[in-house]
Amino acid sequence: MKRVSIGGQAVLEGVMMKGPKSYALAVRKPNKEIEVKVTDYVSLGERYKILQIPLLRGIVNFLESLYIGMKTLMDSSEYVEDEEEAKKESSSKKEDTKKASSDKKEEANKESSTGYLIGTLIVSLVIAVGVFMLLPAFLANFLYKVTESDLLVNLAEGILRLVIFLGYVAVISFMDDIKRTYMYHGAEHKTINCMEAGDDLTVENVKKHTRFHKRCGTSFVFIVMFISIVVFMFVRTDVMWLRLVSRVLLIPLIAGISYEFIRYAGKHNNACSNVLSAPGLWVQRLTTREPDDSMIEVAIKSVEGVIDWHEYVDCVRNNTFEV
């Protein structure tokens, strides 16, 4: 077996894990059963080697992660909603009616889900760029009325961007659904850390490991914020529209650089990577919570959908990965 990096994401009442050739969505349904759905998926980088070029691979991976993340998030919400609807149907007549309507609904969904998903993804990206990139640039530009220093204005913009991001993460953490999602986020990290440490995936073993991970998407977003400060230092203009356009055009470059950093940090455990990873790991204190046993069980099921963890753990213990 080759050494691989398993990634994941917390969803509504579940966990998605992505392996080298597939991704698995495991959801705890209202009836307490765990539903696992495995989808074959080969990344664009594997299909087209040119997309593995440094920086470019970061952009491709970012877009793929957004697509899969949005899709599994929507799928998880459907599991929960369908199960809740089923509970309300008590009579056989209603059940038959529900089944017929469900079949029609499923057929219609197959035709429109891809377009709807892409549309939702585009809208989400536009909102994210507007709030986290353009708004700080717009507000910081007014500082030119009191200073001519490009350095101070760009620095203020970066600090404002971090404040907005951290404020957003902190505010939504008070929502009940988000609290549980953060717990599943912790289960995802702890399970991956357990496997990568060479421990069997049992609930007791997983509980011993940290809920923080260097390859986390939260760390990636934080690194994007930090790298943007550095990159935007080289763009010096007090013309509002040029400032805003430059922020949009440089997003792919920033995403590419940030991915290379996360990739390096995830593969190395030295003083340099540990120091540079520390801020992202700190932010994970806001986006992860200690999970309960049932959540860990879901995360383990998700891992089992994409990889034979018994073989992987054996390779970790004996250092017998293929080169």
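Visitor: Which residues have the most contacts inside the largest nonpolar core?

Guide: In general, nonpolar side chains tend to be buried together in soluble globular proteins. A nonpolar core here is a set of buried Ala, Val, Leu, Ile, Met, Phe, Trp, Tyr and Cys residues joined through side-chain atoms within 4.5 Å. Buried means under 20% relative accessible area, exposed means over 50%, and partly exposed lies in between (1.4 Å probe, protein chains only). In this predicted model, the largest such core has 27 residues. Ile-6, Met-17, Met-195, Leu-201, Val-303 and Ile-307 have the most contacts inside it.

Visitor: Which elements give two or more residues to this core?

Guide: Helices (H or I, at least four residues) and strands (E, at least two) are DSSP runs, numbered from the N terminus. The contributors are β2 (14–18), β3 (22–28), α5 (176–196), α6 (203–207), α11 (293–304) and α12. α11 gives the most, with six residues.

Visitor: How far can I trust the numbering and the values?

Guide: Residues are numbered from 1 along each chain as its sequence is written. The model is predicted, so local features need pLDDT of at least 70 and side-chain atom pairs pLDDT 80 or more, while totals for chains, interfaces and linings use all residues; side-chain values use heavy atoms, without hydrogens and water.

Visitor: Which residues make the nonpolar surface patch?

Guide: Patches take residues with over 30% relative accessible area and no salt bridge; like charges are joined within 9 Å, nonpolar side chains (Val, Leu, Ile, Met, Phe, Trp, Tyr) within 5 Å. A salt bridge is a side-chain nitrogen of Lys or Arg within 4 Å of a carboxyl oxygen of Asp or Glu. Areas come from the Shrake-Rupley method with a 1.4 Å probe. Here Val-123, Ile-127, Val-131, Leu-135, Phe-138, Leu-139 and Phe-142 make a patch of about 570 Å². Phe-138 is in helix α3 (residues 92–140). Phe-142 is in the loop between α3 and α4 (150–172). Phe-138 counts as partly exposed at 35% relative accessibility, and Phe-142 does at 38%.

Visitor: Which residues gather in the patch of negative charge?

Guide: Asp and Glu count as negative, and the charge is placed at CG of Asp or CD of Glu. The patch holds Asp-308, Glu-311, Asp-314 and Glu-322. Glu-322 follows α12 (309–318) and is partly exposed at 49%.

Visitor: What is the phi of Asn-319?

Guide: Asn-319 has a positive phi of about 50°, although it is not a glycine. Asn-319 is in the segment after α12 and counts as exposed at 61% relative accessibility.
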